[in-house]
Amino acid sequence: MQGNLQPDKQIIEEYIYHLKVERGLSSNTCSSYERDLLKFSDFLHQRINSILECAPSDIYDFLSSQKEKGYSAKTLARYTSALRGIFAFLGQEDMRLDDPTLYLAPPRTEQTLPGVLPENTLTNALDETQSDSDLVIRD
């Protein structure tokens with residue numbers, strides 16, 4: 001790691017400012033992204049690395065470690081989004097020439113089927129449309 005590079009925390013703060021001011025994201029989203037990116041930064045520092053110098057393998061290893069800790073697919077998707085965003089930002093700001101998230105696919109999130117209506121609710125709704133009122137007949 002080079003000593004003259006900005007610390008990861010300052011880079012993350014600049015990115016979060018960009019999200020709030022220029023992109024108008026909610027404070028909840030920004031807080032979540034900041035927390036996620038600081039967690040990634042801590043992971044990198046344990047490897048004696050930084051956001052400006054990390055490789056795709058560092059990102060894959062981070063996401064794998066979070067999956068092993070039991071984080072949900074939705075959380076991993078948010079991590080992926082935060083990581084893609086900061087590396088795109090670093091490219092726009094000419095702080096990084098490459099994008100280590102270029103081939104990073106988001107994890108598949110679990111899709112759930114919609115709930116089933118109780119029979120009486122459906123019957124009541126259908127019965128209401130069988131009325132003889134002028135409005136129902138017109139529609």
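Modeller: Tyr60 sits in helix H3, residues 56-68; helices are DSSP runs of H or I, at least four residues, numbered from the N terminus. This is a predicted model: local features need pLDDT of at least 70, side-chain atom pairs pLDDT 80 or more, while totals for chains, interfaces and linings use all residues. Numbering runs from 1 along each chain, and side-chain values use heavy atoms, without hydrogens or water.

Biologist: Why is Tyr60 called partly exposed?

Modeller: Its relative accessibility is 37%. Buried means under 20%, exposed over 50%, partly exposed in between (1.4 Å probe, protein chains only). So Tyr60 counts as partly exposed.

Biologist: Why is Cys30 called buried? And Cys54?

Modeller: Cys30 has 0% relative accessibility, so it counts as buried. Cys54 has 2%, so it is buried too.

Biologist: How many disulfides are there?

Modeller: Zero, by the rule of paired cysteine sulfur atoms within 2.5 Å.

Biologist: What makes a nonpolar core?

Modeller: Buried Ala, Val, Leu, Ile, Met, Phe, Trp, Tyr and Cys residues, joined through side-chain atoms within 4.5 Å. The largest has 26 residues; Tyr15, Phe40 and Phe87 are among those with the most contacts inside it. Helices H1 (8-22), H2 (27-46), H3 and H4 (73-92) each supply at least two of its residues. H4 gives the largest share, eight.

Biologist: Which residues does Tyr15 touch, beyond those up to four places away in sequence?

Modeller: Tyr33, Leu37, Ala82, Gly85, Ile86 and Phe89. Contact means heavy atoms within 4.5 Å.
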